[in-house]
Amino acid sequence: MKLSKVIWILIGDAITLVLVTVYGFATHETLGTAGTRLLTTFIPLLVAWLLIAPYLGVYQLSLVGEFRQLWRPFWAMVLAAPFAAWMRAAWLGTAILPVFVVVLGGVSALALLAWRFLYWLITTRMKRTHG
């Protein structure tokens with residue numbers, strides 16, 4: 001049962017990062033022609049997240065279920081964003097733009113915070129109705 005909860009959280013995190021990536025391309029009005037270029041942002045973002053987030057306890061179910069711990073995914077993404085930007089720049093052979101790091105980190109952190117709040121809300125209500 002616990003493993004399935006972690007898997008749902010991981011899936012939600014990945015979907016959130018896909019949506020952030022798509023949103024980024026859409027705001028630059030390049031989504032229609034992006035194609036596989038989406039992967040040059042999504043893959044480094046996901047890899048950085050998966051490498052850094054566990055160290056901040058974002059997958060510990062005892063912490064995920066506490067409202068006071070919702071800061072963990074937010075700050076994990078703030079830490080992961082520079083690493084993701086570095087991986088992306090290395091992949092593309094380009095420079096790292098500081099504004100890209102700030103926007104990527106901020107938007108991703110807020111999106112993950114929203115997703116994790118939604119997860120917390122759903123699981124809290126399920127506990128109340130199902131004991």
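Trainee: In which helix is the place of Thr-41?

Mentor: This is a predicted model, where local features need pLDDT of at least 70, side-chain atom pairs count only at pLDDT 80 or more, and totals for chains, interfaces and linings use all residues. Residues are numbered from 1 along each chain as its sequence is written, and side-chain values use heavy atoms, leaving out hydrogens and water. Helices (H or I, at least four residues) and strands (E, at least two) are DSSP runs numbered from the N terminus, and Thr-41 sits in helix H3.

Trainee: Is Thr-41 buried or exposed?

Mentor: Buried means under 20% relative accessible area, exposed over 50%, and partly exposed in between (1.4 Å probe, protein chains only). The relative accessibility of Thr-41 is 9%, so Thr-41 counts as buried.

Trainee: Which residues is Thr-41 in contact with, leaving aside its neighbours within four places in sequence?

Mentor: Contact means heavy atoms within 4.5 Å. With those neighbours left aside, the partners of Thr-41 are Thr-21, Phe-25, Arg-88 and Leu-104.

Trainee: How does H3 lie relative to H5?

Mentor: Axes are lines fitted to C-alpha atoms, for helices over the stretch in contact, with angles from 0 to 180 degrees between N-to-C directions. H3 (residues 39-52) and H5 (residues 71-92) pack at about 135 degrees, with axes 7 Å apart. Under 35 degrees counts as roughly parallel, over 145 as roughly antiparallel, 65 to 115 as roughly perpendicular and the rest as oblique. That is why H3 is, relative to H5, oblique.

Trainee: How many nonpolar, polar and charged residues does the contact of H3 with H5 have?

Mentor: Good one! Residues of H3, including Leu-39, Ile-43 and Trp-49, meet residues of H5, including Ala-76, Phe-83 and Arg-88. Ala, Val, Leu, Ile, Met, Phe, Trp, Tyr, Cys and Pro count as nonpolar, Asp, Glu, Lys and Arg as charged, and the others, Gly among them, as polar. By class, the contact of H3 with H5 has 19 nonpolar, 2 polar and 1 charged.

Trainee: How far apart are the axes of H1 and H3?

Mentor: Two packed helices are described by the angle between their axes and the distance between the axes. For H1 and H3, the angle is about 145 degrees and the distance is 10 Å.

Trainee: How far does H1 reach from its first C-alpha to its last?

Mentor: The expected span of a helix is 1.5 Å times one less than its number of residues. H1 (residues 2-27) has 26 residues and an expected 38 Å, and its reach is close to that, at 37 Å.
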